[in-house]
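Subject: Structure handover

Hello,

The structure we talked about is below. My notes on what I found follow it.

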Amino acid sequence: VLGGGARLTCVLHVNSLALETRAGTWNQNLADQTLDVPLQILGNEACESLQRNFTGAAVLVIRGECPFSTKTQNIAAAGAKAVIVYNNLYERPHFYPAAANGTAPSIPIFMVTREDGDRIKTERTSAGNLFLRVASTRCSLDRREVAPGAQNVSTDESGPSWEGAEKSCAEWGVDPSGTFLHSGYNHNFHWL
């Protein structure tokens, strides 16, 4: 929380939009950099290799169907510099995308809400080309910004929290092949 009561967070800028985000767990293992690149929207889940060329761009893709790391590896193979995953469920909080099985894709990933994903798609319709800017691919503390729409937020910490959120999480287990550790039916938080 900043002196005036505003909360600092990692922010993605897409044209005129400022969107709160969470960086993927593997971003910490990549070089920290400022991204200022074109943004393209992918119409599928990126669970298979892609036929499109995304060289030099960031890519917006919906969450679901396969692990974040699979999406990111497929999008990276198509030449992209970063991935923004937007949630496939409405009215859900942010979370940190994690890599399954210890895989570590070579490009950063960011998570936004379903509502913010829809705002990005609407921005493309009204503005044409999209451009992404993020001050730190690791969301470093020294480059965080005032949370969008939170300039006059109180310092009251009684708002939503992880502890108070309904998670619908299942116990951790191993898939039938024994190769993938998962936590069962977890649509609110975790791997997909």
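Buried here means under 20% relative accessible area. The model is predicted.

Helix H1

H1 runs over residues 68–77, and seven of its ten residues are buried, so the helix is mostly covered. Those buried residues are Phe68, Ser69, Lys71, Thr72, Asn74, Ile75 and Ala76. Strand E4 (58–62), strand E5 (82–86) and strand E6 (109–112) are among the elements that cover them. After H1 comes Gly79, which has a positive phi, near 95 degrees.

Nonpolar cores

In the largest nonpolar core there are 23 residues, and Leu39, Ile120 and Leu132 have the most contacts inside it. Strand E1 (8–14), E2, E3, E4, E5, E6 and strand E7 (130–134) each give two or more residues to this core. The most come from E3, which supplies four. Leaving aside neighbours within four places in sequence, Leu39 is in contact with Val14, Ala58, Val59, Leu60, Ile84, Ile120, Leu130, Phe131 and Leu132. Another core, of 20 residues, lies apart from the largest one; Phe54, Ala76, Ala78 and Ile109 are among its members. Ala76 is also one of the buried residues of H1.

Asn27

Asn27 sits in the loop between strand E2 (17–23) and strand E3 (35–41). Is Asn27 buried or exposed? Asn27 counts as buried, because its relative accessibility is 0%. Not counting residues up to four places away in sequence, Asn27 touches Pro108, Ile109, Phe110, Thr137 and Arg138.

Regards

Definitions and conventions
Residues numbered from 1 in each chain as written. Predicted model: local features only at pLDDT ≥ 70, side-chain atom pairs only at ≥ 80, totals over all residues. Heavy atoms only, no water. Buried < 20%, exposed > 50% of the residue type's maximum accessible area, 1.4 Å probe, protein only. Contact = heavy atoms within 4.5 Å. Core = buried A, V, L, I, M, F, W, Y, C linked by side-chain atoms within 4.5 Å.
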